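Let us take a friendly walk through this structure together. Have a look at the sequence and the model first, and then read on.

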Amino acid sequence: MSMTQIVIATLMLFLGSTALSATGFGIGMVAMPGLLFVLEPQTAVVVLNTVALAIEAWIVIQARKDIPYKDVLPVVAAGALGVPIAVYILTFTDPSVMRVGISILVLLFAALAPVNFQRDFRYSRIAGVVTGFIVGIVLPAFGVGGPLVTLYLLTRNWDKRSVRAAMAFYLFVLDVFGVTGYALAGLYTVERLTLIALMIVPMLAGLALGAVLLRRMSERVFRRVIVAIIISSSISVLVGELTGL
């Protein structure tokens, strides 16, 4: 890798780590568009999800009392069931077409996010399980898709700390299985491990900045930031994929 590639990857991981630390998700949605300019997709996904695992572990430990385990465990279990499919897809499939579909779907959900449909939707465990399973397939395979679960969690009317903690817990379990699958599939090369090691500093910086932002954000701003991340990054991924076809 050239120095320019490393600098861009470092910047993208810093921004993504900040988003993940502040909101409990978003590292892929924020960092992936930029990473795809300098890394081939398989490397970008493996590096990003491995770096994310460390941040998610820290959030889960720090916010463990805020995790609504009873409500989120079925979603987590469904996501874990999808991971083996994700590893197979990442190993053998071109992700370009799938990412276009995911971006369109995410934008669709983001458009519904401001609508007050919590009363009818928030108690649907089936919707949560289905969403968790779908994201369990697409996120470890393509590095995007987490907002689908986040948007579902927002319908539960939890405060920002519970949403952040629940999302981090979901992603942490997903990435534990994902990283294990990457290792079993032989996806960790020397170059990728070296790049992961280089990302420790921007990861820690993003983790610290995100914690500061979380303390300063109100509930209203928190939800607006989440929707803004989802919409802007989804458009970026979609435009990048369409212009590359």
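**Aromatic pairs, helices and neighbours**

Three aromatic pairs are counted here, where the rings of Phe, Tyr and Trp (its six-membered ring) pair if their centres lie within 6.5 Å. Planes under 30 degrees apart count as stacked, over 60 as edge-to-face and the rest as tilted. One of these pairs is formed by Tyr88 and Phe92; it is tilted, at 4.9 Å centre to centre and 45° between the planes. Before going further, please note that this is a predicted model, in which local features need pLDDT of at least 70 and side-chain atom pairs count only at pLDDT 80 or more, while totals for chains, interfaces and linings use all residues. Residues are numbered from 1 along each chain as its sequence is written, and side-chain values use heavy atoms, with hydrogens and water left out.

Where do Tyr88 and Phe92 lie? Both are in helix H4 (residues 69–92), four residues apart, about one turn of the helix. Tyr88 counts as exposed at 54% relative accessibility, and Phe92 is exposed with a relative accessible area of 60%. Here buried means under 20% relative accessible area, exposed over 50%, and partly exposed in between, with a 1.4 Å probe and protein chains only. Tyr182 and Tyr188 also pair: their ring centres are 6.3 Å apart and their planes lie at 65°, so this pair is edge-to-face. Tyr182 counts as buried, at 1% relative accessibility.

Now step back to the protein as a whole. How many helices and strands are there? The protein has 12 helices and zero strands, where helices (H or I, at least four residues) and strands (E, at least two) are DSSP runs, numbered from the N terminus. Of the 245 residues in the protein, 53% are buried. Among contacts between residues at least 6 apart in sequence, 84% join residues at least 24 apart; contact means heavy atoms within 4.5 Å.

Two examples bring together residues from separate parts of the sequence. Pro84 is found in helix H4 and is exposed, with a relative accessible area of 56%. Pro84 and Gly178 are 94 residues apart in sequence and 7.8 Å apart in space, C-alpha to C-alpha. Gly186 sits in the loop between helix H9 (160–184) and helix H10 (190–198), and counts as exposed at 54% relative accessibility. From Gly186 to Thr91 the separation is 95 residues in sequence and 9.3 Å in space, C-alpha to C-alpha.

Next, look at how helices meet. H4 and H7 pack at an angle of about 35°, with their axes 6 Å apart. Axes are lines fitted to C-alpha atoms, for helices over the stretch in contact, and angles run from 0 to 180 degrees between N-to-C directions. The crossing of H4 and H7 is right-handed. Its contact residues divide into 15 nonpolar, five polar and three charged. Ala, Val, Leu, Ile, Met, Phe, Trp, Tyr, Cys and Pro count as nonpolar, Asp, Glu, Lys and Arg as charged, and the others, Gly among them, as polar.

Helix H7 (residues 125–142) also meets helix H8 (residues 146–154): their axes come within 8 Å and cross at roughly 160°. H7 and H8 are therefore roughly antiparallel to each other, a label for angles over 145 degrees. The crossing of H7 and H8 is left-handed, which means that the near helix is turned anticlockwise from the far one by less than a right angle, whereas clockwise would be right-handed. Residues of H7 in this contact include Gly128 and Val135, and those of H8 include Leu148 and Tyr152. By class, the contact of H7 with H8 has six nonpolar, four polar and one charged residues.

Definitions and conventions
Parallel < 35°, antiparallel > 145°, perpendicular 65-115°, else oblique.
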